[in-house]
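Thanks for coming, everyone. Please have the structure open while I talk.

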Amino acid sequence: MAAPQFEVPKLTGFIDVPSIKEGATAHVKSFPASAPIQEAIGFPGSLVEDWHDKAIAKMGDLLGRYRSLRVFMDACVHCGACTDKCHYYIGTADPKNMPVARQELMRSVYRRHFTFAGKYFPSLVGAQDLTEELLQDWYKYYYQCSECRRCSVYCPYGIDTAEVTMAGREILDTVGIGQKYTNEIMGKLHRIGNNLGLPGPALEDTLLGLEEDIFDATGVPVKLPLDAEGAEVMLVTPSADFFSEPHVESLIGYAKVFHAAGIKWTLSSKASEAGNFGMFIGSYDNMRRAAMRIRDAALDLGVKRIVVGECGHAWRVAYSFWNTLTGVGHGGEDAFSKQLQQQLDPNYPAPQHICEFTYDLIQQGKLKFDKSLNDHRTITFHDSCNVARGSRMGDMPGGQFVIPREVIKAVANNFYDMQEGTINEATFCCGGGGGLLTDDLMEIRVKGALPRMEAFNNVVQDKQVNFLALICAICKAQFTKVVPYYGFDMSMIGGVHQLVATAILLEVPEETAQESVASDD
Amino acid sequence: MSLLTVLFACMFYAATALLVFGLFFKIRSYARTPAPLKIPTTPAPTTKTGVVLRMTREVTLFESLFKSNKWIWLFGYMFHAALLLVVLRHLRYFTEPVWFWVDIVQPFGIYAGFAMVAGLGGLWARRFLVDRVRYISTPSDHLILALLVAIGITGLGMKFVAHTDIIAVKEFMLGLMVFDLQPLPADPVLLVHLTLVALLMTIFPISKLLHAPGIFFSPTRNQTDDPRDRRHISAWAAKLESGASSKSEA
């Protein structure tokens, strides 16, 4: 790994709120999207000539479409409650990373064009024109926000910076300024079906390879079926689960759970991706298009249940938005959603999270574990932001905090939570979510991870924790890359279902056992 | 009828009209703007009753602010609770006979005036003392605090320093409400107090004071967490489905 071009924060044992340093990350800017990348997802290829008027018109359009944006533009009183809540502010000290200041980049323009006070007394209320310089600030700072919504927990009016960031990015995309990383991935998803651009045959090969690996390790013929029509469950998981470490360990875990429970399941080559970067850029159209692929696959394969793998924002989109976007869920009275409802089994929530799925099986006593197989691990759990603050598991508020922890405790003996105020709804983001998981933003990723690293380091020191359990593909990719900067080993990072995979007891079929004895001779 | 009386009467009619119509149009625009996606900040209530309870805790206890920052909560709560008592106390100038509970509120309302100014002082001090809050403060943030403090001090001034002819003020107010103008005493402290109140009413619908109605429309706080059980779809989003009741063309 190349030496970092920036100063890596030192761990102190405390999460300190820094004094402001203006412009501290004004130089951190992700690579812009090229024309083909932009055009592939329906945006202009480069900055359009009448960008100013088009941007203001788009802002007006969004203000008319999203109550969140309209209310949030008016309701802020600059009280300061959010100023010390953002992990990027804590890590960088750049005041424009304070949620209120990030929102103000847009609010100042909103005031100028859409309010009486801003039109007639701009300097009094902090209204300003959208200059090219300000537009560049939007591009920088709206891509230094992971849309983790921590600030929205603490705002007395529930103002959600993620909504403002999404609107900012959507306006930028509309005038031709896009981010390479996010928009390229959206294009790949539409074209090929997953974020990594894996074609069907490559996927099939990978799954066969994994089946062999599992058989070699356990002697159990665990299957990872692809496009199996008539399966009960379709699993949709982040495509990183097929190739990246440690993600693939969780995929093995899901497969073992399905095998042990005897439930027929399948992956889909058409819907081989759970991630939906359309949310990151606030694009309802792109988000809907990405979600429709999954609905179509479910209809094609005739499955009765849809289960989502370990991916944070995918779970938010699935849990909170799929029903709206595509009718995957219950209670739709329209023909559009009824079609799928006739097929889906009403006894299960649609969609269901893999942790909910495994937890239910554990409750029913359908899975057997040897917890001591995880005794070499002392585990802590990171609540991923989109799961913690944007979605739910189970049927009670806060189920998303309880269920993954219960799964971990069912498969392992040594579990410790990180300190209060850094977990559950107060969780700190990994620093790489929301379209920031790109090497050109490494500085903001490392610095943004600071509060999480402090809390993690404290349990490493006090409880000898050596495993950070995750349920998000972005968290996994971010942490494996970032923890070495803080002096930790990347092997400390892994999935919740990796722990399940380690402890689960599978019955070795008699014939297989005999075969392996025979082959030993 | 003195020119002063007519002037202040007109001022209050204008301020009231701007407040009422301004708020009406703002609230209408919030209510009419669709909320196309379910975005409650979780853990969120799963029932409507739960949402009502959550919102009640927010507006009566400032629950989220309490979680955020104890100083802002303390000063903010002090100011708002005191303001409420002060406003209730002032009902005696607008009602005849005075409701019994307004009588009970009187002593609390009087001392709440001090708490109100103290709370505002604390909030204002933060705008100078905390570098992060200093960075985000605009001139209007300071001016609104100045306006509220000045209203509080002139009010306290009339109670504790230079009494005004409160009987006459009440007659003026009661008359104002039935379009029967009664003379307003030409007491400078009173005139400043009333002018500032009218100014506050005027800027309410065009300033950050919109946080008061805004909170009730905040989707992160007022939505039910039930997206898997109930389909939630806005009119503009439903249009995307026209002709797409079967599979998409992906």
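The largest cavity holds about 150 Å³ of space. A cavity here is a set of points, on a 1 Å grid over the protein atoms alone, where a 1.4 Å probe fits but cannot get out. Grid points are joined across faces, edges and corners, and a volume is the space filled by probe spheres set on the points.

A word on the model before going on. It is predicted, so local features need pLDDT of at least 70 and side-chain atom pairs count only at pLDDT 80 or more, while totals for chains, interfaces and linings use all residues. Residues are numbered from 1 along each chain as its sequence is written, chains are lettered from A and ligands numbered from 1 in the order in which they are written, and side-chain values use heavy atoms, with hydrogens and water left out.

Lining means having an atom within 4 Å of a point. Which helix gives the largest share of this lining? H10(A), with four residues. In chain A, helix H3 (67-75), helix H10 (161-174) and helix H15 (284-301) each supply at least two. Helices are DSSP runs of H or I, at least four residues, and strands are runs of E, at least two, numbered from the N terminus.

Nonpolar covers Ala, Val, Leu, Ile, Met, Phe, Trp, Tyr, Cys and Pro; charged covers Asp, Glu, Lys and Arg; the others, Gly among them, are polar.

Next, the second largest cavity. Its volume is about 130 Å³. It has 16 lining residues, with A:Cys76, A:Cys79, A:Cys82, A:Cys155 and A:Ile159 nearest the centre. Helix H5 (residues 99-114) of chain A gives the most, three residues. This lining has 12 nonpolar residues, four polar and no charged. The count is seven cavities of 30 Å³ or more.

**An open pocket**

A pocket is an open set with protein on both sides within 12 Å along at least five of seven lines. The second largest pocket has a volume of about 600 Å³. Of its 30 lining residues, A:Ala117, A:Val125, B:Ile206, B:Ser207 and B:Lys208 are closest to the centre. H7(B) provides the largest share, six residues. The lining divides into 18 nonpolar, five polar and seven charged.

**The interface**

Five salt bridges link chain A and chain B. The rule is a side-chain nitrogen of Lys or Arg within 4 Å of a carboxyl oxygen of Asp or Glu. One pairs A:Asp84 with B:Arg132, at 4.0 Å, N to O.

**Backbone points**

A:Glu245 and A:Pro246 are joined by a cis peptide bond, omega about 5°. A:Pro246 sits in the loop between helix H13 (240-243) and helix H14 (247-261). Another cis bond joins A:Ala350 and A:Pro351, omega about -10°. A:Pro351 is in the loop between helix H17 (335-341) and strand E4 (352-353). Last, A:Arg149 has a positive phi of about 70°, although it is not a glycine. A:Arg149 lies between helix H8 (132-142) and helix H9 (150-154), in the loop.
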